[in-house]
Every structure is written in structure tokens, then in C-alpha cells.
2 protein chains.
Amino acid sequence: MTIIQFIHTHLNIGLNSHAELPFKITEQTFAAGQIITACGQREKNAYFLKSGIVQISMLYNGDERILDFIFENNFFGAYTSLLTNLPSDTQLTTLAKTEVEVIDYRDLQNAYQHSLLANQLGRYVTERLFINYSSRQKDLLTKTAEQRYLELFEKRPDIISVIPVNKIAKYLGIHPESLSRIRKSIIF
Amino acid sequence: MTIIQFIHTHLNIGLNSHAELPFKITEQTFAAGQIITACGQREKNAYFLKSGIVQISMLYNGDERILDFIFENNFFGAYTSLLTNLPSDTQLTTLAKTEVEVIDYRDLQNAYQHSLLANQLGRYVTERLFINYSSRQKDLLTKTAEQRYLELFEKRPDIISVIPVNKIAKYLGIHPESLSRIRKSIIF
């Protein structure tokens, strides 16, 4: 999917070409294991994932924690850094060969001044991000690691099937050994 | 502050009266301890808090968890329910006498179809919510309860000064006894 197809699917607005968008789009390809945005860097772009997988992570006392895995047909970025213009506390790393469409944020901010479509898109994407993060926060506050792991099977089979176990542990916020115990205790 | 003043402060757009807004606003007052939106109810409104305090909470296995405290000059609501039209898993309760401005969501959704201002406002408010929830999620994944309690002093002195300790414990996701131990171990 492309940004134009995303707008058609989710906002029900048909556009024929990039020229009809209120901002410019460039394309970029990353190999697996490349850093798109590093911790400490100011995020300058919003990205749309056409293919591949991206990990959003942060370090705390030398420990890696994974905030999210991004799969194709989704927008992503070091979003707090983008919105606040502060150095990013998260890092974006590709976990596979990844193709993205890139929107320069200054260009998007200009479009936000006058373009209905740019604001509809920005609002829609942020609403979806909010729903995801809010759901995750509720889970972290109310559920055990075992419950959260079991629910991943239902909610995010994409994560279970392609992401290594040690990274799933970092996403659940538990030690890999604890996840191994949980996995062994589950009989399917 | 009112919604019109919020728009002037944050979007730098001056409006003279409610009639210039792309949606209708009504006003409502709640006594302390009233439920604005109950668990299981579908959220129909977005609220702007003119004065008072609102708690956003959820139940899990009979235990209350507090997701957020809303203070004046902020938008709030059972936002996931509003966006998804599913029954709310959160409850909104006033902790003091509370005055709100109310936007009917169907009216807002109509405005989203054609109004630049409605979309700019919706995008801005959702971006701010996202920044808050994302920061909270990072804290829950990386920091101990003691660190999170200490940081509340810096980041949210409003919470520390007016919210009872047992509710702060539910916000931090820990038992009140654990919070008491943490408080006793801190020498200021």
C-alpha cells in the first residue's frame, strides 16, 4: 500500500497522483538492521511503511525496551520528537529490508496551515496511534506478563509469528527467562 | 478557560463567539463524585474541562486502576470508546465540582468532513494526548514505582498536591502499602 492508497482506504478520498497531495513524498529503502532515527536525534520526518518491519525501542540503564513493532501499511516515526522538536528518546531500527514513503515534517506543518486533507490525515493517523498506545497502557497497568503474552496471540499474531522471542520479551517488559517460563507453562 | 480561548492559545485562531465554531457547544456542571461516563456505556461526547478535576479509571478483577487525572483547560472523554463506538472500558468520575463544555461527537464528525478548524483542533488535541500516553507507557516499561513517584513531583505537582495518596497508588499501578513504604523511604 502507498500513502495515496491509505488515504483512499481510510479517508475515502480518491487521489490520482502524488501531485494532488498537499505535501511532497520521497521514497527510501533500508536494509535489515539499519537505524532510521537514532536516540538523541531530532525526528524530521513522518514515515509510511510500504514493506518490511520496524522496531521502536528505547534504552533505560543500558536495557533495551521495545515500545512497538511496525508492519506494512502503517505510519510511524519518533513521533514525540517530531511533535515536540526535542531529541528523540526512542530509536527506529529496521528488522527486515524496509521500503518507506517519507514526508518532510516542515512541509507537512505548512500543509496543516491550510489543507483540510492534511489535517484529516494527521488527525486520523494520530487517533489510531492513540487507540494503540492507550490499549497498551491499560494492559501494562492491569495485566500480568502471562496474560499479555497470551493476548498477543489473539491481537497481534503478526508479532508472534515473525518476531524473535527475545524481542517479544523486551516488548512485554519482562526478562527473556521469565518469558521462557511462561511459554513452557502454556499447553496448547 | 473555554474552548474558544483554548483555540486562541494553542492554534492562534481568534473567534468571537460560539457561533463561529464549526460545532455546537453546551455547558454542564457536575457535583463531586458523579459519574460522567460509566464503564460499558458508549461515549457520545468530547468534554472540555473549564474547572474541577476528573478521574479516568478502569476496573480489572475488581481492582480500580487510574489511567489519568484531568485538570482544567484540557479536553477529555472516554476517548477510545468515542473513536471506536465500542462500549467504554474506562469510567469518568468527578473528584470535585466540575464545569465542562460539551461537544456532541456526531456534530464533530460532521464538522470533520468539511471544516479545517475542526480537524486542526482534533489533530492538536489528539497529538497532545498521544504525547502524554506515550510518555506514560515509556515510564511503565522502564521505571520502578519509586522512580515514577519521584518524577510525579517534578512533572505533575498538581496531582501530588490535590489527589489523595490511595488514588496516586492506583495511578502508579502499585498497592497503597507499597507507596507508603516508598514515601517513608524518601527524605526531602
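I count two residues as in contact if their C-beta atoms, placed from the backbone, lie within 7 Å.

**Ground rules.** I'm working on a predicted model, where local features need pLDDT of at least 70, side-chain atom pairs count only at pLDDT 80 or more, and totals for chains, interfaces and linings use all residues. Residues are numbered from 1 along each chain as its sequence is written, while chains are lettered from A and ligands numbered from 1 in the order in which they are written.

**Interface.** I looked up the contacts between the chains: 29 residues of chain A touch 29 residues of chain B. Elements here are DSSP runs numbered from the N terminus: helices are H or I with at least four residues, strands E with at least two. On the chain A side, strand 4 (54–60), strand 5 (63–70), helix 2 (79–84) and helix 4 (116–142) each give two or more residues. Helix 4 of chain A has the largest share, 18 residues. Sorted by class, that side holds 13 nonpolar, 10 polar and six charged residues. My classes: Ala, Val, Leu, Ile, Met, Phe, Trp, Tyr, Cys and Pro are nonpolar, Asp, Glu, Lys and Arg charged, and the others, Gly among them, polar.

**Sheet in chain A.** I found an open sheet of four strands, order 2-7-4-5, with antiparallel pairing; to pair, two strands need at least two DSSP bridges between them. Strand 2 (35–37) and strand 5 of chain A are at the edges with a single partner strand each, so one side of each has no neighbour in the sheet. Neighbouring strands are turned by 35° against each other on average, direction ignored. Helix 4 (residues 116–142) of chain B packs on this sheet, touching strand 4 and strand 5 of chain A, and its direction makes about 135° with that of strand 5 of chain A. For angles, axes are lines fitted to C-alpha atoms (for helices, over the stretch in contact), and values run from 0 to 180 degrees between N-to-C directions.

**A:P87.** This proline is in the loop between helix 2 and strand 7 of chain A. Buried or exposed, or partly exposed? A:P87 has 13 C-beta neighbours inside 10 Å, so I log it as partly exposed. The cut-offs: buried takes 20 or more other C-beta atoms within 10 Å, exposed 12 or fewer, partly exposed in between, with C-beta atoms placed from the backbone. Beyond four places in sequence, A:P87 contacts A:G40, A:Q41, A:R42 and A:S81.
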